[in-house]
Amino acid sequence: MMRSFLNKIDMYKKIPDELYITSFSGSCMSIVGLLLMTVLFIFEFNDYMTGTLQRDMVLDETLKHSDYLSAVFNLTVTDMPCVFVSVDVTDVTGTTRQNVTKNVNFVRVNHRGAFLGRQHEDEVDPEEHAEVFEAEDEEYTQLMEALETGEFSGEGHSEVLTSDSFEPFIKSHAKPHELVFVDFFAPWCIWCQRLEPVWTKMSQMLGDKGPIHAASVDCTANADLCASQHIRAYPTMLMFRHGEPHPFETYHGERTTTALIDRVRQVARGDQTNADKQRLKLHMQDTGAKKPAEGGEGCRVTGRLRVKKVPGSIRINLHSLRYSYDTLLINASHHIDRVWFSDPEGTLAGPAFKIFREDIVSRWQSAPLNDKHFIGHQNHYSYVHYIKLVAKSLALSNKPSDDDLHMHSYSAVSTEHEVPINVPPFISLQYDISPIAVLEYRQYTPFYHFLTNFMAIVGGVFALVGILENFLFQLTRRKRTL
């Protein structure tokens with residue numbers, strides 16, 4: 001009884017083998033059906049494994065982001081040596097950090113942007129000004145008193161050079177160990193005025209018989225000469241060797257007679273900073289001439305700064321407290337290689353990073369300011385990059401968790417504007433934070449959906465191919481009958 005009842009509800013009744021009819025069209029359509037099912041199964045399986053990217057708009061405070069940002073930047077100032085460049089950080093809460101050096105690097109580059117090297121250890125950076133000023137001020141006071149009483153005098157002097165006499169004077173001292181040390185100054189410059197008694201004392205101590213000869217150039221009266229030497233600040237002290245009217249090395253060290261004489265004697269004996277050696281090497285490759293390179297220097301500034309997650313700015317200053325400037329000569333042209341913001345407490349590890357790795361790399365490479373040139377069309381103009389940050393979390397699901405990867409995307413608008421005549425131009429990365437954040441996650445198909453779709457593929461392809469095969473079979477059968 002039970003067996004008879006079960007046989008009645010059998011949905012898979014069998015047909016005897018002798019009733020089957022095989023055909024060529026049926027075999028071809030079977031192959032087509034199997035191929036179609038295989039392709040559709042591969043697509044469905046790939047969709048099941050990778051999921052689809054979903055984006056939800058949420059309030060930033062719900063994503064467990066840090067209260068700080070990690071600002072990463074890499075830019076090159078094309079017409080300002082590193083010794084004049086510094087970095088400041090400010091924000092709306094009143095935080096002000098000047099001359100930031102922690103996690104910030106300054107690298108000298110030539111006028112084509114090629115790497116030269118780091119600054120010499122004797123060079124005084126802007127943040128070191130206060131450390132050396134006391135010693136410089138003490139000697140300045142002593143020398144001024146000595147000049148007034150006539151207590152010191154010597155045989156040497158500093159030759160006053162002009163645009164006409166500069167090159168002949170340099171070429172007249174072309175012996176192997178001869179060196180000309182030139183002070184490019186402006187009479188109104190306070191630092192030049194403080195250097196004057198030190199320079200006079202140094203000149204007298206060096207003497208006139210060589211091999212080291214001191215000289216000076218008034219840049220207000222010889223502007224063309226100073227422009228040809230790419231003088232951007234006062235005082236600028238350049239050393240010339242081998243009779244070449246191009247600087248062998250620039251002195252940015254301590255302004256005392258001892259420090260000046262020590263360094264100039266070292267250079268006269270053949271010493272040279274690694275960066276200047278590289279500068280000459282690159283110039284020789286370009287021109288084949290063994291002489292100091294032409295063209296001004298630039299500075300590559302790289303850094304990773306931890307800043308508060310509030311509106312603020314990172315300013316690249318194009319001036320130093322140790323120098324006076326003709327601000328009309330300063331140009332803020334620069335090239336940005338990379339600017340990026342991230343969560344300093346985040347980690348590039350874990351399951352979220354493995355899933356979104358390609359997407360993260362693509363975002364870094366395609367950031368709006370990356371690999372962009374910004375040309376200063378006029379001197380004495382500053383560049384400001386207005387950046388709007390949007391927090392993003394890359395998650396494994398639509399519910400925030402500790403495993404989420406936090407980052408920030410941004411849009412940027414760059415503008416150039418004139419600054420007051422007494423304010424040196426600068427480059428500013430000015431950022432603001434949107435309260436709306438984006439939660440991105442992969443939404444995966446449940447297994448039962450995958451199984452349902454798989455069965456639909458098998459059944460649908462089987463039914464469709466069966467209909468087509470039956471149509472072809474009937475069509476060929478009628479032709480044979482006719």
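Two disulfides are present in the structure, a disulfide being a pair of cysteine sulfur atoms within 2.5 Å. The structure is a predicted model, in which local features need pLDDT of at least 70 and side-chain atom pairs count only at pLDDT 80 or more, while totals for chains, interfaces and linings use all residues. Residues are numbered from 1 along each chain as its sequence is written, and side-chain values use heavy atoms, with hydrogens and water left out.

Cys-82 is joined to Cys-299, with an S to S distance of 2.2 Å. The link of Cys-82 and Cys-299 is right-handed, with 105° about the S-S bond. Distant parts of the chain are brought together by this pair: Cys-82 sits in the loop between β2 (68-77) and β3 (86-91), and Cys-299 lies in strand β12 (residues 298-308), 217 residues apart. Helices (H or I, at least four residues) and strands (E, at least two) are DSSP runs here, numbered from the N terminus. Cys-82 is buried at a relative accessible area of 1%, and Cys-299 is buried at 0%; buried means under 20% relative accessible area, exposed over 50% and partly exposed in between, for a 1.4 Å probe and protein chains only.

The sulfur atoms of Cys-219 and Cys-226 are 2.0 Å apart and form a disulfide. The torsion about the S-S bond of Cys-219 and Cys-226 is about -90°, so this link is left-handed. Both Cys-219 and Cys-226 are buried. With bonded cysteines counted along the chain, the disulfides follow the pattern 1-4, 2-3.

For the protein chain as a whole, 10 helices and 19 strands are found. Of its 482 residues, 44% are buried. Contact means heavy atoms within 4.5 Å, and among contacts between residues at least 6 apart in sequence, 82% join residues at least 24 apart. His-408 belongs to strand β17 (residues 405-418) and is buried, with a relative accessible area of 1%.

Turning to helix packing, the axes of α5 (residues 190-206) and α7 (residues 257-268) come within 9 Å and cross at roughly 50°. The two helices are therefore oblique to each other, the class left over when angles under 35 degrees count as roughly parallel, over 145 as roughly antiparallel and 65 to 115 as roughly perpendicular. Leu-195, Val-198, Lys-201, Met-202, Met-205 and Leu-206 of α5 meet Thr-257, Leu-260, Ile-261 and Val-264 of α7 in the contact.

Some backbone details complete the description. Most residues other than glycine have a negative phi, and most peptide bonds are trans. A cis peptide bond, with omega about -5°, joins Tyr-234 and Pro-235, and Pro-235 is located in the loop between α6 (223-228) and β10 (236-241). Asn-103, a residue other than glycine, has a positive phi near 65° and lies in the loop between β4 (96-97) and β5 (104-109). Asp-371 is not a glycine either, yet its phi is positive at about 55°. The loop between α9 (350-365) and β15 (372-374) holds Asp-371, which is exposed at 55% relative accessibility.

Key
Axes fitted to C-alpha atoms, helices over the stretch in contact; angles between N-to-C directions.
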